[in-house]
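Here is a short report on a two-chain model. Please keep the sequence and the coordinates open while reading.

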Amino acid sequence: MTRNFSLARITTTLLISCMCLLTAGYNPLVAQEASSELVIPEDAASISKGEALFKGNCTSCHRVHKKLVGPALANVYERTPSIEWIIGFVKNSQKVIQSGDEYAVNLYAEYNNTQMTAFTGFSDQDIMSILGYIQQETLKGPEVASGGSAENAKEDGGEATGVASGYLTVLMVGLVVVLALILFVLILIITVLKKYLNQRGLDEDDAEVVNATLSLEGIAKSKPFIFMVIFIFSAVAFKTVIAGLYTVGVQEGYQPSQPINFSHKIHAGQYEIDCQYCHTGVRKSKSANIPSANICMNCHSAVKTGSKEIQKIYAAIDYDPATKTYGPNQKPIEWVRIHNLPDLAYFNHSQHVKVGGIECETCHGEIKEMAVVQQYSPLTMGWCIDCHRKTNVNTKGNAYYDNLVEIHDKNSGGEPMKVEDIGGLECSKCHY
Amino acid sequence: MILNKYTAIYIVLIGAFVTGCAAGEDDTGLEYAPNMYHSVPYEPLSQIRDKRAGAWVNSTSKSGKGEYHNSNPYNPHGMTMRVPPANTVRRKQALPYHLPKDSLAYAAKVVMNPFPAEGPEAEAMLKDGKELYGRFCEHCHGTKAKGDGTLAQSGEDDIPVFAGIANLTSDNLKNISEGHIFHVITMGKGLMGSHASQISAEDRWKIIRYVKKLQK
């Protein structure tokens with residue numbers, strides 16, 4: 001029965017749409033009717049206008065078939081008290097709630113007292129055309145969801161690399177099998193040839209060549225071979241020892257597991273959140289700061305609240321997602337420190353980032369690609385000095401340097417001013 | 001043959017030695033002069049609560065605490081950093097904002113931007129505001145404040161990562177006062193949390209200048 005009804009509706013809509021298209025997309029009769037009696041418009045012009053308004057103003061909180069911040073709007077014109085009620089609520093929901101309207105009060109409570117923005121700029125006509133769009137979408141029914149939800153798909157980031165390395169293993173095994181087959185075929189050919197030659201009857205010299213066996217012992221005991229082996233081994237050993245000694249005290253590549261699996265790849269890479277949104281101290285102080293949990297909660301009071309990792313934040317700050325309140329048993333999240341300069345060296349983030357204008361990635365590497373952060377730079381003195389020798393001082397728009405740049409340019413013969421020219425190699429700049 | 005045997009042992013020993021030095025996943029690697037890496041004073045962003053950590057370095061010490069131990073016993077959770085004492089204000093900082101979260105309508109009328117609206121200072125503010133907007137607002141509210149930042153865009157199943165982000169240029173928000181925006185950034189509104197800990201009051205006013213420009 002309902003199916004027939006919706007079919008009839010769709011046919012009518014289509015018919016009217018066709019008519020509208022024929023009459024240059026606008027039907028004054030239908031529009032007239034809607035404004036006077038508050039009938040949901042069904043003509044294509046109103047619906048497309050409603051669609052534009054819906055997508056421009058409503059989609060941040062509403063979908064037709066899904067509950068987001070606000071309720072799903074399918075059927076809203078049938079389940080609410082009246083069309084007039086909808087118009088009043090959209091224009092100023094607080095007024096309707098404060099008037100004591102039962103439906104509005106219940107709705108407000110159901111959605112945790114989240115205020116809907118007052119859309120005072122909408123005319124009745126605008127709201128009716130939005131309802132026209134909603135009605136059309138309601139009749140279409142929800143689209144069939146494709147595959148798993150976003151929640152599940154994003155949980156495991158390591159999947160892709162796992163698949164790639166698995167593929168590589170298969171490839172390697174395949175290659176080894178092919179090589180073994182080639183070897184087998186070659187041995188077969190040799191035996192067959194040997195048999196054939198021996199059958200033909202050879203003179204002594206030729207027979208010696210054909211039947212010669214490869215003596216492994218002879219090769220291993222030959223002087224050039226022993227020399228080569230010793231030489232290669234000592235060279236490799238020498239190189240590894242020297243390289244190994246250089247890694248003493250250098251923590252490049254240190255990638256500890258953290259108490260919460262926070263991924264910079266998702267936050268800074270995929271969603272392009274600026275580093276300094278969370279690491280707020282970087283332009284103001286010596287250290288860039290480990291963000292406090294309240295910064296996490298700017299989003300995660302609403303985003304991915306069911307995730308296991310997010311629950312760890314809630315546990316640390318004693319937050320109850322159901323009541324949205326914080327308890328007294330708060331404790332710090334003990335992140336593991338990665339970058340650690342020895343006590344004898346002074347380093348200041350704000351000096352480099354704010355004054356020097358250096359990008360975070362210059363020293364910290366492709367943080368946007370790191371699911372687990374690792375130390376990218378060696379943080380050795382040689383590394384500091386190297387950069388101070390190569391980098392030009394960022395003097396643009398900084399009046400402090402004007403005089404200095406002028407004097408430098410007079411004496412340098414066109415060489416740009418490097419950090420080393422302003423004392424970047426002085427011992428006491430960093431060691432005091 | 002004897003030589004080959006020796007080289008094999010040689011290689012194994014060197015391999016073990018070298019892999020023991022370099023830093024790896026959960027291992028900081030071998031430290032040269034560890035006393036220099038581990039601070040004696042309390043460090044703001046380090047904390048090692050294990051009392052015996054690094055005891056081998058100063059095994060003769062009578063305190064019984066290891067060289068690496070770095071945790072302030074007088075602070076809560078042994079932390080080094082503390083929350084500033086209640087009812088104190090940092091020098092040269094704006095006085096704390098006392099209006100409660102739910103008095104948005106009142107704040108919108110009363111709170112005024114203390115900085116000049118015209119002149120070179122205002123222009124500099126606008127320039128800073130643009131940069132700050134990019135840092136603190138853009139990923140949600142979008143480059144043009146249309147509520148279409150990277151977090152607002154629909155991911156899978158047509159659901160945005162963060163639903164409910166306001167389009168600041170929409171008709172009903174276009175004409176909000178500077179005080180309204182200040183109150184919302186400071187206290188949060190709806191799903192948006194308070195950004196007071198991240199953005200200083202002065203920076204908030206700079207951002208507001210830029211938002212008002214985008215809304216025009």
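## Salt bridges and polar contacts between the chains

Three salt bridges cross the interface of chain A and chain B. The rule asks for a side-chain nitrogen of Lys or Arg within 4 Å of a carboxyl oxygen of Asp or Glu. One salt bridge pairs Arg283(A) with Glu131(B), with the closest N and O atoms 3.3 Å apart.

The model is predicted: local features need pLDDT of at least 70 and side-chain atom pairs 80 or more, while totals for chains, interfaces and linings use all residues. Residues are numbered from 1 along each chain as its sequence is written, chains are lettered from A and ligands numbered from 1 in the order written, and side-chain values use heavy atoms, without hydrogens and water.

## Extent and make-up of the interface

Contact means heavy atoms within 4.5 Å. On that basis, 67 residues of chain A meet 59 residues of chain B. The buried area is about 5,400 Å², and carbon and sulfur atoms give 58% of it. This is the accessible area (1.4 Å probe) that two parts lose on being put together, summed over both.

Which helix gives the largest share of the side of chain A that touches chain B? It is H13(A), with nine residues. By class, this side of chain A has 29 nonpolar, 26 polar and twelve charged residues. Nonpolar covers Ala, Val, Leu, Ile, Met, Phe, Trp, Tyr, Cys and Pro; charged covers Asp, Glu, Lys and Arg; the others, Gly among them, are polar.

## Chain A as a whole

Chain A has 22 helices and two strands. Helices (H or I, at least four residues) and strands (E, at least two) are DSSP runs, numbered from the N terminus. Of the 432 residues in chain A, 27% are buried. Buried means under 20% relative accessible area, exposed over 50%, partly exposed in between (1.4 Å probe, protein chains only).

The domain assignment gives domain 1 (2-24 + 158-246), domain 2 (44-142) and domain 3 (380-432). These bounds come from an automatic or database domain assignment. The centres of domain 2 and domain 3 of chain A, taken over C-alpha atoms, are 61 Å apart.

## Helix H16 of chain A

H16(A) is mostly covered, with six of its eight residues buried. Among them are Ile295(A), Met297(A) and Cys299(A). The buried residues of H16(A) pack against helices H14, H15 and H17 and strands E1 and E2 of chain A.

## Two buried residues

Thr138(A) lies in helix H8 (residues 124-140) of chain A. Its relative accessible area is 15%, so Thr138(A) is buried. A polar atom of its side chain lies 2.6 Å from the backbone oxygen of Ile134(A). Beyond four places in sequence, Thr138(A) touches Val64(A), His65(A), Ala74(A), Asn75(A) and Tyr77(A).

In chain B, His141(B) sits in helix H5 (residues 138-141). His141(B) counts as buried because its relative accessibility is 13%. Its side chain reaches the backbone oxygen of Ala166(B) at 3.0 Å. Residues that His141(B) touches, not counting those up to four places away in sequence, include Tyr133(B), Asp148(B), Leu168(B) and Met192(B).

Definitions and conventions:
A polar contact is a pair of N or O atoms within 3.5 Å; within protein, one must be able to donate a hydrogen and the other to accept it, and residues adjacent in sequence count only if both atoms are side-chain atoms.
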